[in-house]
Amino acid sequence: FWAKKRRGKEIRKATHVKVPALKLSLCLLVLMLLLRAVASSFPSFQNTHARRIPLKKRLATLSASASSSSKMETTTKTIESDGTQTPLKIVQLPALSDNYVFLLHCANTKSTAVIDTPEVGPILRELKKRNWQLTHILNTHWHSDHTGGNLELKKEFPEVQIIGPRGEKAKTPGAEKIPGVDRKVEQDDVVFVGDVKLHVMDVPGHTLGHCAYYSPSANSAFVGDCVFAMGCGRVFEGTHPQMFASITKIMSLPETTKLYCAHEYTLANIKFAKSVDGQNEALLERERKCKALREKNEPTVPTTVGEEKKTNPFCRSGDEKIRKFLGMEEKRDVEVFAQLRTMKDNF
């Protein structure tokens with residue numbers, strides 16, 4: 001009897017010990033999952049973590065985001081105003097969860113530039129594979145998913161020149177928003193990558209100093225987070241009139257100009273575009289094509305100026321049907337744009 005009673009006390013005692021321990025373990029597990037979910041929502045957290053991982057280990061491991069889109073390569077022959085003909089390769093690489101990186105290689109001089117540096121691993125692997133030396137880093141704006149690899153790439157290629165927009169000014173005197181910047185550029189400045197000439201376009205709105213790089217001879221513009229396929233960047237630091245003017249500037253380029261956007265946001269952008277311009281046949285046809293591309297893991301970038309004029313609501317604030325849908329027939333185009341951007345922010 002006493003042995004049985006003692007055993008009952010031991011069981012109750014063990015139960016009292018294990019239950020709180022189990023609850024504590026579950027609470028810790030839930031907390032870890034919440035922290036991971038929060039961190040994954042902010043690219044800057046991801047980039048900070050990525051920079052702490054040894055370079056050799058990252059090169060040995062395929063980027064977790066590399067499956068987001070397949071790689072794409074374009075070869076074109078640029079003809080500059082002085083008659084110089086230059087074979088130019090543009091290699092588009094996926095990075096992080098939805099970013100794109102663009103390598104520009106001048107065949108005449110062997111110079112190679114990268115447009116933005118969200119993630120070092122994919123860039124280094126491609127450079128090593130092609131035996132290219134990085135000579136230029138061209139940043140479109142200061143956000144960490146566009147500049148996060150600057151300093152590490154500078155270590156790998158000490159002679160590389162880091163170029164960024166002059167308008168990205170830090171509040172702290174002596175500090176720089178663009179890590180490691182060597183040259184600051186602004187509207188109408190020119191950047192040469194070997195024999196390839198790139199014109200700087202100031203396109204503020206997403207950030208105060210955002211810029212784009214335009215090559216008339218390659219019929220290509222690298223527009224960062226200003227314009228997306230059927231979308232545009234959020235207005236974080238600038239104003240709606242600034243963003244509207246920037247998009248208008250890009251839309252003034254020739255309609256065949258290829259626009260190399262920095263993110264694969266197209267399918268999400270289409271959903272919003274249909275909500276305000278659902279009877280647009282060009283938009284519906286483009287949706288079918290873009291869905292087919294994504295099903296094959298192929299990018300929907302680059303787009304063109306002409307395609308955006310037909311299907312991107314942020315480039316169509318003068319369209320009668322969109323204005324009527326919004327009840328803004330008598331409003332100015334910039335006001336219609338501001339309303340569309342506000343609606344998209346809450347979509």
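This report walks through the nonpolar cores and salt bridges of the structure above.

## About the model

The model is predicted, so local features need pLDDT of at least 70 and side-chain atom pairs count only at pLDDT 80 or more, while totals for chains, interfaces and linings use all residues. Residues are numbered from 1 along each chain as its sequence is written, and side-chain values use heavy atoms, leaving out hydrogens and water.

## The nonpolar cores

Let's start on the inside. A nonpolar core is a set of buried Ala, Val, Leu, Ile, Met, Phe, Trp, Tyr and Cys residues joined through side-chain atoms within 4.5 Å. Here, buried means under 20% relative accessible area, exposed means over 50%, and partly exposed lies in between (1.4 Å probe, protein chains only).

The largest nonpolar core has 53 residues, and L138, Y213, I247 and I250 touch the most other members. Helix α7 (residues 240-251) gives this core its largest share, five residues. Helices (H or I, at least four residues) and strands (E, at least two) are DSSP runs, numbered from the N terminus. There is also a second, separate core of 19 residues, with V101, L134, L153 and V181 among them.

Now for the charged side chains. A salt bridge is counted when a side-chain nitrogen of Lys or Arg is within 4 Å of a carboxyl oxygen of Asp or Glu, and by this rule the count comes to 18.

One of these joins the side chains of E73 and K89, at 3.1 Å from N to O. E73 sits in strand β1 (residues 72-79) and K89 in strand β2 (residues 85-95), so this pair ties together parts that are 16 residues apart in sequence. E73 is partly exposed, with a relative accessible area of 38%, and K89 is also partly exposed, at 27%. Both belong to a network of salt bridges that links E73, K89, E126 and R130.

## Two partners for D345

Which side chains does D345 meet in salt bridges? One is R234, at 3.4 Å from N to O. This pair links distant parts of the chain, 111 residues apart: R234 is in the loop between β13 (231-232) and α7, and D345 is in helix α12 (residues 333-345). R234 counts as partly exposed at 38% relative accessibility, and D345 counts as partly exposed at 28%.

The other partner is R341, whose side chain meets that of D345 at 2.8 Å from N to O. D345 and R341 are four residues apart in helix α12, so about one helical turn separates them. R341 is buried, with a relative accessible area of 3%.
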